[in-house]
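Trainee: Could you show me how to read side-chain contacts and sheets in a model like this one?
Mentor: Happy to; let's open it together.
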Amino acid sequence: MSSDSFGRAGGLSSPSRRLFVQGLAAGGAAAALGLWPRTSWAVKAEGVPNVLSGTEFDLTIGETPMNFTGATRPAITVNGSIPAPLLRWREGTTVNLRVRNALPPGSIHGHQASIHWHGILLPANMDGVPGLSFDGIDRGETYQYRFNVVQGGTYWYHSHSGFQEQAGLYGPLVIEPLEPEPFAYDRDYVVMLSDWTDLDPQRLFARLKKRSDFDNFSKQTVGDFFADVKQHGLAATVEDRKMWGQMRMTPTDLSDVNGNTYTYLLNGTTSLGNWTGLFRSGEKVRLRFINGSAMTYFDVRIPGLKMTVVAADGQYVHPVTVDEFRIATAETFDVIVEPTGQDAFTIFAQDSGRTGYISGTLAVREGLRAPVPDVDPKPLLTMDDMGHGGMGGGGHDMSSMSHGAMAGGAMAGMDHSGHDLSSMAAGTAAGGSMAGMDHGAGGMQEHPATETGNPLVDMQTMAPVPRLDDPGIGLRDNGRRVLTYGDLRSTFPDPDGREPGRTVELHLTGHMERFAWSFNGVKFADAEPLRLKYGERMRVVLVNDTMMSHPIHLHGMWSDLEDESGNFMVRKHTIDMPPGTKRAFRVRADALGRWAFHCHLLYHMEAGMFREVRVEE
């Protein structure tokens, strides 16, 4: 954690005081997740029965006091723990999960609850999204989830009610596959990353609406200006500042909520709690990384060890060996490591904004630690990152664009000759086919008519590209081998095989100052459902018009990511969309019903970046 975050939370008087209390309270009521040798499934649970396996499950959602920072706060828990119990299922079985809502009257987290099984294929009424899949679980009631398990791999589950996910209602899910796995390992651990705040999440959301840059402590200074003049020259530096000023944005605004508000957790434990996974030298250890955070992207590495990525979002990929990977909110990556040569290694996950970190340890025995690396320097966004070409990068000159034009979304300062945007009906832009649009990376990007003059849209990307081979902002040329989407290739061919029958293009839109987020400039409350015909194969093209990354999750169906040429690349349940990118994936509409489609940054979803998808006969 940064010294700023240690000094702020919980009202404690000094960083050392908070560090000490974190050491005492490291993990609240959480326990280690994992350590079952491949042969015996022995479980290390440190006194908390938080690993459940089989086909019959009783899960109770309640409110439990938790202390991660020196301040005790009411958390939402399942069976009393954060994370919720690790559930182990087997592919080919039918699971019954009786979920009881035991939230107390007057709870700040509401009276209704739910559980969504993230990435799991199941009937719509088992998906757990109040208002779409079912009515939710009221206080004192029990809802029975019952469905066939038709897949294997690493997944997770979480609430879809209000802000309960932020308050602790999330847990890991491991499904033993029917067929032998295409890799060997000796030990198996879940590593679940998450973010915790002592604030009432509703208050945090209200703060974001009033002042979205509250956590941005690293705005550029006069000293930064003169440093840039020395490096880039006066004219280029002035032009750069002018562009950012016109947009009323800052290149240091990489995340809405960061380590200045959050305490980061690994398996429900702070860094001082030092979650430890044991190994014997020379063993192969499988680590199932799950990003169960509300708002945080983590960059993960284990200094001294190579990581071989063998699965993404529960699906096997051709092995790729890396030093580091970025894991977006809601994604999962399985890696194999072979620790040898020293007694302890640090699992290190820093947030993408470089404001804090969470660490744990792989060791030959309890109580050991390895050195913890420093957090990397804070990266800066460029115009190129946002699909505007950048300084002298062959992009589009933004200097002629007035702030009014940008804030309205009309982009009046740019030449739109030859692009009749007025002919795009609002209904089409809201989710219908946009077959006349260019889905490649070349040329000027056209935008839905619903973005024009829209007070909920403060910028648009004009030259988006897929960037599948880009490790991401803050990870380029860092001296380490960093995983990219371009490295990921499923071990199986396109599971459908058909070319998409139609293409839908959706733009990820927002207004930073208003903290308003949407698809095509239309927030969920005003949007028509995206309708799919049962059995069809459809291509979805996403264009990120904002300066923030968005992990986009479609419930109930797989998202088959394409490469730049439109070929099947990798099957996922969550597609990360960095600023200024344009990425396409295929969907087979093989699940009837009403499904959620949304940004998995919790506060972006709540602020409107959510759509209903209907699969109909």
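Mentor: We will go through aromatic pairs, a sheet and salt bridges in turn.
Mentor: This is a predicted model, where local features need pLDDT of at least 70 and side-chain atom pairs count only at pLDDT 80 or more, while totals for chains, interfaces and linings use all residues. Residues are numbered from 1 along each chain as its sequence is written, and side-chain values use heavy atoms, with hydrogens and water left out.

Trainee: How many aromatic pairs does the structure hold?
Mentor: Rings of Phe, Tyr and Trp (its six-membered ring) pair if their centres lie within 6.5 Å; planes under 30 degrees apart count as stacked, over 60 as edge-to-face and the rest as tilted. The structure holds 26 such pairs. In one of them, the ring centres of Trp89 and Phe147 are 5.6 Å apart with planes at 65°, so this pair is edge-to-face. Trp89 sits in strand 4 (residues 86–90) and Phe147 in strand 9 (residues 142–148), so the pair ties together parts 58 residues apart in sequence. Strands here are DSSP runs (E, at least two residues) and helices likewise (H or I, at least four), numbered from the N terminus.

Trainee: Are Trp89 and Phe147 buried or exposed?
Mentor: Buried means under 20% relative accessible area, exposed over 50%, and partly exposed in between (1.4 Å probe, protein chains only). Both Trp89 and Phe147 are buried. They also belong to one aromatic cluster, with Trp117, Phe134, Tyr143, Tyr145 and Tyr157.

Trainee: What is the strand order in the open sheet of five strands?
Mentor: Strands of a sheet pair through backbone hydrogen bonds, either parallel or antiparallel. Two strands count as paired if DSSP finds at least two bridges between them. Here the order is 25-33-32-27-30, with mixed pairing. Strands 25 (530–533) and 30 (574–577) are at the edges with a single partner strand each, so one side of each has no neighbour in the sheet. Strand 32 (residues 593–599) pairs with strand 33 (residues 610–616) in the antiparallel sense over six bridges, and His598 stands opposite Phe610 in strand 33.

Trainee: Which residue forms a salt bridge with Arg571?
Mentor: A salt bridge is a side-chain nitrogen of Lys or Arg within 4 Å of a carboxyl oxygen of Asp or Glu. Arg571 has Asp560 as a partner, with the closest N and O atoms 2.7 Å apart. Arg571 lies in strand 29 (residues 568–572) and Asp560 in strand 28 (residues 559–562); both residues are buried. They are part of a network of salt bridges whose members include Asp496 and Arg588.
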